[in-house]
Amino acid sequence: MTTQGASPEAIRAILSGDPRDVAPLLLGAVLSHRTPEGTVSVRLSEVEAYLGPRGSAQPDPGSHTFGGPTPRNAPMFGPAGHLYVYFTYGMHYCANIVCGPDGVASALLLRAGEVVAGQALAQSRRPASKSLTDLASGPARLASAMGLTTADSGRDALAEPFGLELPVTPAAPSAVASGLRVGVSGDGGSADYPWRFWLSGDPTVSRYKPGRSRAVGKPL
(Lines give C-alpha, C1' and ligand atoms only; values in the text may rest on other atoms or scores of the structure.)
Protein backbone atom coordinates (compact mmCIF):
# COMPACT_ATOMS: atom_id res chain seq x y z
CA MET A 1 0.00 0.00 0.00
CA THR A 2 1.26 3.47 -0.86
CA THR A 3 -0.09 6.70 0.59
CA GLN A 4 1.80 9.37 -1.34
CA GLY A 5 -0.38 12.46 -1.75
CA ALA A 6 -3.31 10.84 0.06
CA SER A 7 -6.25 13.21 0.57
CA PRO A 8 -7.49 14.12 4.05
CA GLU A 9 -10.55 11.95 3.39
CA ALA A 10 -8.35 8.96 2.51
CA ILE A 11 -6.17 9.52 5.57
CA ARG A 12 -9.23 9.82 7.80
CA ALA A 13 -10.51 6.52 6.42
CA ILE A 14 -7.22 4.87 7.38
CA LEU A 15 -7.31 6.42 10.86
CA SER A 16 -10.86 5.10 11.33
CA GLY A 17 -9.45 1.62 11.87
CA ASP A 18 -8.38 -0.07 15.08
CA PRO A 19 -5.48 2.00 16.52
CA ARG A 20 -3.41 -1.14 16.97
CA ASP A 21 -3.60 -1.64 13.20
CA VAL A 22 -3.23 2.05 12.42
CA ALA A 23 -0.14 2.51 14.63
CA PRO A 24 2.43 1.00 12.23
CA LEU A 25 0.98 3.09 9.40
CA LEU A 26 1.63 6.31 11.35
CA LEU A 27 5.29 5.51 11.96
CA GLY A 28 7.18 7.74 9.57
CA ALA A 29 4.19 10.04 9.08
CA VAL A 30 4.81 13.80 9.36
CA LEU A 31 2.53 15.93 11.51
CA SER A 32 2.76 19.72 11.04
CA HIS A 33 1.44 22.65 13.06
CA ARG A 34 1.44 26.11 11.55
CA THR A 35 1.36 29.05 13.97
CA PRO A 36 2.07 32.79 13.69
CA GLU A 37 5.59 32.01 14.94
CA GLY A 38 6.18 29.50 12.16
CA THR A 39 5.69 25.84 11.30
CA VAL A 40 7.04 22.82 13.13
CA SER A 41 6.83 19.37 11.52
CA VAL A 42 7.60 16.10 13.28
CA ARG A 43 8.21 12.72 11.69
CA LEU A 44 6.59 10.24 14.08
CA SER A 45 8.79 7.44 15.36
CA GLU A 46 6.76 6.11 18.31
CA VAL A 47 3.05 5.89 19.13
CA GLU A 48 0.95 4.14 21.76
CA ALA A 49 -2.58 2.79 21.34
CA TYR A 50 -5.40 3.36 23.82
CA LEU A 51 -8.96 2.07 23.62
CA GLY A 52 -12.25 2.38 25.49
CA PRO A 53 -14.30 2.23 28.67
CA ARG A 54 -15.01 -0.72 30.89
CA GLY A 55 -18.01 -2.57 29.57
CA SER A 56 -17.28 -1.57 25.98
CA ALA A 57 -16.26 -3.91 23.17
CA GLN A 58 -12.63 -2.86 23.72
CA PRO A 59 -12.11 -1.99 27.41
CA ASP A 60 -8.69 -0.54 28.25
CA PRO A 61 -7.76 -0.01 31.92
CA GLY A 62 -4.86 2.21 30.87
CA SER A 63 -7.00 4.68 28.94
CA HIS A 64 -8.48 8.01 30.00
CA THR A 65 -11.81 6.69 28.78
CA PHE A 66 -11.89 3.60 31.01
CA GLY A 67 -14.23 5.29 33.49
CA GLY A 68 -16.52 6.53 30.73
CA PRO A 69 -16.94 9.76 28.79
CA THR A 70 -16.14 13.13 30.38
CA PRO A 71 -15.81 16.64 29.00
CA ARG A 72 -12.04 16.15 29.05
CA ASN A 73 -11.87 12.89 27.09
CA ALA A 74 -14.79 13.69 24.76
CA PRO A 75 -12.54 14.03 21.67
CA MET A 76 -11.56 10.36 22.02
CA PHE A 77 -15.17 9.43 21.31
CA GLY A 78 -15.28 11.68 18.26
CA PRO A 79 -14.30 11.31 14.61
CA ALA A 80 -10.92 9.98 13.55
CA GLY A 81 -8.17 12.41 12.70
CA HIS A 82 -8.93 14.89 15.46
CA LEU A 83 -6.58 15.74 18.31
CA TYR A 84 -6.98 14.83 21.95
CA VAL A 85 -4.58 16.93 24.03
CA TYR A 86 -4.45 16.73 27.81
CA PHE A 87 -2.52 18.40 30.63
CA THR A 88 -0.75 16.11 33.09
CA TYR A 89 1.36 16.31 36.24
CA GLY A 90 0.54 20.00 36.44
CA MET A 91 3.15 20.91 33.84
CA HIS A 92 3.00 18.91 30.60
CA TYR A 93 0.76 18.60 27.56
CA CYS A 94 0.51 15.34 25.63
CA ALA A 95 -1.15 14.89 22.24
CA ASN A 96 -3.07 12.04 20.65
CA ILE A 97 -4.62 11.45 17.24
CA VAL A 98 -8.10 9.97 17.53
CA CYS A 99 -8.70 6.71 15.69
CA GLY A 100 -11.62 4.39 15.08
CA PRO A 101 -15.25 5.03 14.09
CA ASP A 102 -17.03 8.10 15.43
CA GLY A 103 -18.47 7.22 18.84
CA VAL A 104 -15.92 4.48 19.60
CA ALA A 105 -13.20 5.68 21.97
CA SER A 106 -9.66 5.08 20.74
CA ALA A 107 -6.55 7.09 19.98
CA LEU A 108 -2.82 6.96 19.43
CA LEU A 109 -0.61 8.85 21.84
CA LEU A 110 2.16 10.61 19.92
CA ARG A 111 5.12 9.46 21.98
CA ALA A 112 8.14 10.57 19.97
CA GLY A 113 9.47 11.82 16.68
CA GLU A 114 12.09 13.77 14.78
CA VAL A 115 11.64 17.49 14.14
CA VAL A 116 12.09 17.73 10.38
CA ALA A 117 11.02 21.36 9.88
CA GLY A 118 11.08 24.35 12.19
CA GLN A 119 13.97 23.14 14.33
CA ALA A 120 14.82 26.66 15.53
CA LEU A 121 11.25 27.31 16.65
CA ALA A 122 11.05 23.91 18.33
CA GLN A 123 14.31 24.63 20.18
CA SER A 124 12.98 27.99 21.35
CA ARG A 125 10.01 26.17 22.84
CA ARG A 126 12.27 23.58 24.45
CA PRO A 127 15.39 25.50 25.59
CA ALA A 128 16.39 22.65 27.91
CA SER A 129 16.83 20.31 24.95
CA LYS A 130 20.40 19.14 24.50
CA SER A 131 20.19 17.96 20.89
CA LEU A 132 17.92 17.73 17.87
CA THR A 133 17.43 14.06 18.69
CA ASP A 134 15.71 14.74 22.00
CA LEU A 135 13.61 17.73 20.87
CA ALA A 136 10.52 15.52 20.49
CA SER A 137 11.67 12.33 22.22
CA GLY A 138 8.78 11.77 24.60
CA PRO A 139 5.11 12.82 24.46
CA ALA A 140 5.48 16.00 26.54
CA ARG A 141 8.54 17.06 24.55
CA LEU A 142 6.76 16.42 21.25
CA ALA A 143 3.71 18.46 22.26
CA SER A 144 5.90 21.28 23.54
CA ALA A 145 8.06 21.37 20.42
CA MET A 146 4.94 21.53 18.26
CA GLY A 147 3.25 24.19 20.38
CA LEU A 148 0.27 21.98 21.23
CA THR A 149 -1.93 22.67 24.26
CA THR A 150 -5.39 21.75 25.49
CA ALA A 151 -6.69 24.61 23.34
CA ASP A 152 -6.01 22.26 20.40
CA SER A 153 -7.97 19.34 21.85
CA GLY A 154 -10.80 18.40 19.51
CA ARG A 155 -9.29 20.20 16.51
CA ASP A 156 -8.91 18.41 13.18
CA ALA A 157 -5.30 17.31 12.61
CA LEU A 158 -6.05 16.94 8.91
CA ALA A 159 -7.06 20.57 8.37
CA GLU A 160 -5.34 23.94 8.78
CA PRO A 161 -3.42 24.92 10.80
CA PHE A 162 -2.43 21.26 10.97
CA GLY A 163 -1.43 18.71 8.38
CA LEU A 164 -0.67 15.00 8.39
CA GLU A 165 1.26 13.26 5.62
CA LEU A 166 1.52 9.49 5.73
CA PRO A 167 4.74 7.87 4.53
CA VAL A 168 4.92 7.05 0.83
CA THR A 169 5.32 3.41 1.81
CA PRO A 170 4.46 2.12 5.30
CA ALA A 171 7.32 0.89 7.45
CA ALA A 172 8.21 -2.74 6.81
CA PRO A 173 6.99 -5.10 9.54
CA SER A 174 10.62 -5.96 10.28
CA ALA A 175 11.28 -2.28 11.06
CA VAL A 176 8.42 -1.94 13.57
CA ALA A 177 8.84 -3.02 17.18
CA SER A 178 6.13 -3.27 19.83
CA GLY A 179 6.02 -3.69 23.56
CA LEU A 180 4.57 -2.55 26.86
CA ARG A 181 3.20 0.95 27.17
CA VAL A 182 5.34 3.47 29.03
CA GLY A 183 4.45 4.62 32.54
CA VAL A 184 1.19 2.66 32.75
CA SER A 185 0.67 0.71 35.97
CA GLY A 186 -1.74 -2.07 36.80
CA ASP A 187 -3.41 -4.22 34.18
CA GLY A 188 -3.07 -1.55 31.50
CA GLY A 189 0.71 -1.71 31.74
CA SER A 190 0.90 -5.48 31.65
CA ALA A 191 1.96 -7.82 28.86
CA ASP A 192 -1.73 -8.09 27.92
CA TYR A 193 -1.43 -4.59 26.44
CA PRO A 194 1.73 -4.51 24.28
CA TRP A 195 0.36 -1.51 22.43
CA ARG A 196 3.42 0.73 22.08
CA PHE A 197 4.83 0.75 18.55
CA TRP A 198 8.09 2.29 17.38
CA LEU A 199 10.61 2.34 14.57
CA SER A 200 13.29 -0.09 15.63
CA GLY A 201 16.66 1.59 16.10
CA ASP A 202 15.36 5.13 15.67
CA PRO A 203 17.35 7.47 17.98
CA THR A 204 14.32 9.61 18.83
CA VAL A 205 12.33 6.78 20.44
CA SER A 206 11.77 7.37 24.15
CA ARG A 207 13.01 5.06 26.88
CA TYR A 208 10.71 2.51 28.46
CA LYS A 209 9.74 3.17 32.06
CA PRO A 210 7.27 1.05 34.03
CA GLY A 211 4.32 2.76 35.66
CA ARG A 212 4.00 3.55 39.33
CA SER A 213 1.20 2.19 41.46
CA ARG A 214 -1.98 4.12 40.77
CA ALA A 215 -5.67 3.76 40.23
CA VAL A 216 -6.84 2.53 36.85
CA GLY A 217 -7.46 5.07 34.17
CA LYS A 218 -4.07 6.82 34.38
CA PRO A 219 -3.66 9.62 31.86
CA LEU A 220 -2.57 8.33 28.48
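Select L15 first: leaving aside residues up to four places away in sequence, L15 touches V22, L26, A80, G81, I97, V98, C99, G100, L158 and L164 (contact means heavy atoms within 4.5 Å). This is a predicted model, in which local features need pLDDT of at least 70 and side-chain atom pairs count only at pLDDT 80 or more, while totals for chains, interfaces and linings use all residues. Residues are numbered from 1 along each chain as its sequence is written, and side-chain values use heavy atoms, with hydrogens and water left out.

**Nonpolar cores**

A nonpolar core here is a set of buried Ala, Val, Leu, Ile, Met, Phe, Trp, Tyr and Cys residues joined through side-chain atoms within 4.5 Å; buried means under 20% relative accessible area, exposed over 50%, and partly exposed in between, with a 1.4 Å probe and protein chains only. Helices (H or I, at least four residues) and strands (E, at least two) are DSSP runs, numbered from the N terminus.

**Helix α4**

Move to residues 139–146, helix α4, and pick out P139, L142, A143, A145 and M146, which are buried. Viewed down the axis of α4, the buried residues fall within an arc of 165°, so they line one face of the helix; the arc is that of the directions from the helix axis to the C-beta atoms. They pack against β1 (30–35), β2, β4 (92–98), β5 (107–117) and α3 (119–125). G147 follows α4 and has a positive phi, near 75°.

**Salt bridges**

The whole structure holds 10 salt bridges, each a side-chain nitrogen of Lys or Arg within 4 Å of a carboxyl oxygen of Asp or Glu. Show R111 and E46, whose side chains form one at 3.2 Å, N to O. R111 is in strand β5 and E46 in strand β2, so the pair ties together parts 65 residues apart in sequence. R111 is buried at 7% relative accessible area, and E46 is buried at 0%.

Finish at D60 and R181, whose closest N and O atoms are 2.8 Å apart in a salt bridge. Both residues are buried. Then select E46, E48, R111 and R196 together: salt bridges that share partners join them into one network.
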